[in-house]
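Here are a few exercises to work through with the model open beside you. Try each task before reading its solution.

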Amino acid sequence: MITRQRLAAGACALFAALAAGIAVPAEAVADETTALAPKVNLVLDVSGSMRARDIDGQSRMAAAKKAFNEVLDATPEEVRLGIRTLGANYPGDDRKEGCKDTAQLYPVGPLDRVEAKTAVATLTPTGWTPIGPALLKAAADLDGGEGTKRIVLISDGEDTCAPLDPCEVAREIAAKGIGLTIDTLGLVPNTKMRQQLSCIAEATGGTYTSVEHTDELTDKVNQLVVRAADPVVTPVAVEGAAGCTNAPAVKSGLYTDREEFGRQRWYRVDVLPGQELRASVSVSADRAVNPDYGVLLRAVTTHGREIVRGEGNGTGRTDVVSTGLRYPKAEADDEDKPAAETVCLQVTNSFSAASGVRSTPGLPLELTVDVVDGPSQASDVASFGLGRGWWLLGALVLFGFLTGVLWGWISRWRVAVWRTN
């Protein structure tokens, strides 16, 4: 009897130990997943000016609510989302109280879409525009964790709580080194507001976008929220040269630079025989620019001969222009000593600053370089720009030839029958 009791006790202890051993790692994994989860804090201006009805025939507040509802539906499950307001609660004229008016409408965490939508539906344009204080609180909302952190600020006016300059607040946040990015969106912006929101975004490596339509607001906010869930790729700052000779050498990776209006930047990439160079570039208009602009990306030999080019252009409907190119280098005859070819990448833009807009610093430039193993027949890919389309062209030529022969034979037979009759 005693033996059975001891066996039973031992079995229970063993099961308990196994359960504890399983539970602890599971809890640890859950904690690690939470710590690495991307976080996004949407900061919405709910000041009195949001009553203006100049976005697709509706008020700015109505457009923001509609955009938020669609963004909440599309938010990835892994994103921890929060919503903070500024100017939503204090309707009075006391500036000191108005500049404290920022509140967490929905805490940063797992998203309950119904609860978040209900909270947004209660908002009414009310008070001041304390952007600086709201950014400080929004950064505190995102404290902790190792995942990506992003603030998306949506406002229709400049800050009304100076001397707390929101641009200086953004620089202070960036100086903490917590990896927090602030993106800004200006609703029906004026020059002063555009400058302030651009400065906030630039301080943390974020983007500024002007918005005048509901669909634009929805698309941009959704893009920024989804981007937070993407794997983190840290761009490397590089300074392109004015010519190929002194250009910095780059390898596969993501690079950032700034390019002045109407200027060019050069970079160098080594490509071995049998490899393929894939490069793309995006230039952002982070301030007001004149319409009709473009970006040119060229791959050039060290002797100045153009290999291939890519071009992109815009008319003012988008604030980013991108283009790319591919260059496959054929296999070398001598496999013992394959010599790398130095390819010079030239980036040129035709942006021009609008009247009264500063031209420095240069426009944000993002360069992606990827050197991969080339296709088995590298020469075919670039042959006259047709690549494997030669097969289709050959089939069409053969089909046309056979059709012509058949039609000629039928025509001769019909003529012969006509003459006989």
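**Exercise 1.** Find which residues make the nonpolar surface patch of about 420 Å².

*Solution.* Start with the rule: a patch takes residues with over 30% relative accessible area and no salt bridge, joining nonpolar side chains (Val, Leu, Ile, Met, Phe, Trp, Tyr) within 5 Å and like charges within 9 Å. Areas come from the Shrake-Rupley method with a 1.4 Å probe, and for residues only the protein chains shown count as cover. The patch is made by Leu398, Phe401, Leu402 and Val405. Helices (H or I, at least four residues) and strands (E, at least two) are DSSP runs numbered from the N terminus.

A note before going on: this is a predicted model, where local features need pLDDT of at least 70 and side-chain atom pairs count only at pLDDT 80 or more, while totals for chains, interfaces and linings use all residues. Residues are numbered from 1 along each chain as its sequence is written, and side-chain values use heavy atoms, leaving out hydrogens and water.

**Exercise 2.** Decide whether Thr85 is buried or exposed, and list its contacts beyond its sequence neighbours.

*Solution.* First, locate Thr85 in strand 2, residues 80-86. Then apply the classes: buried is under 20% relative accessible area, exposed over 50%, and partly exposed in between (1.4 Å probe, protein chains only). Thr85 has a relative accessible area of 3%, so it is buried. Finally, setting aside neighbours within four places in sequence, Thr85 contacts (heavy atoms within 4.5 Å) Leu44, Val46, Asp101, Thr102, Ala103, Leu105 and Leu123.

**Exercise 3.** Work out which parts of the chain the Asp156 and Arg60 pair ties together.

*Solution.* Side chains of opposite charge can pair when their charged atoms come close. A salt bridge here needs a side-chain nitrogen of Lys or Arg within 4 Å of a carboxyl oxygen of Asp or Glu. Asp156 and Arg60 meet that rule at 2.7 Å, N to O. Asp156 sits in the loop between strand 4 (149-155) and helix 6 (166-175), and Arg60 in helix 2 (residues 60-74), so the bridge links parts 96 residues apart in sequence. Both Asp156 and Arg60 are buried.

**Exercise 4.** Describe the salt bridge of Arg309 with Glu311, and place it in its network.

*Solution.* The closest N and O atoms of Arg309 and Glu311 are 3.9 Å apart. Arg309 is partly exposed at 39% relative accessibility, whereas Glu311 is exposed at 58%. Shared partners then join Arg298, Glu306, Arg309 and Glu311 into one network of salt bridges.
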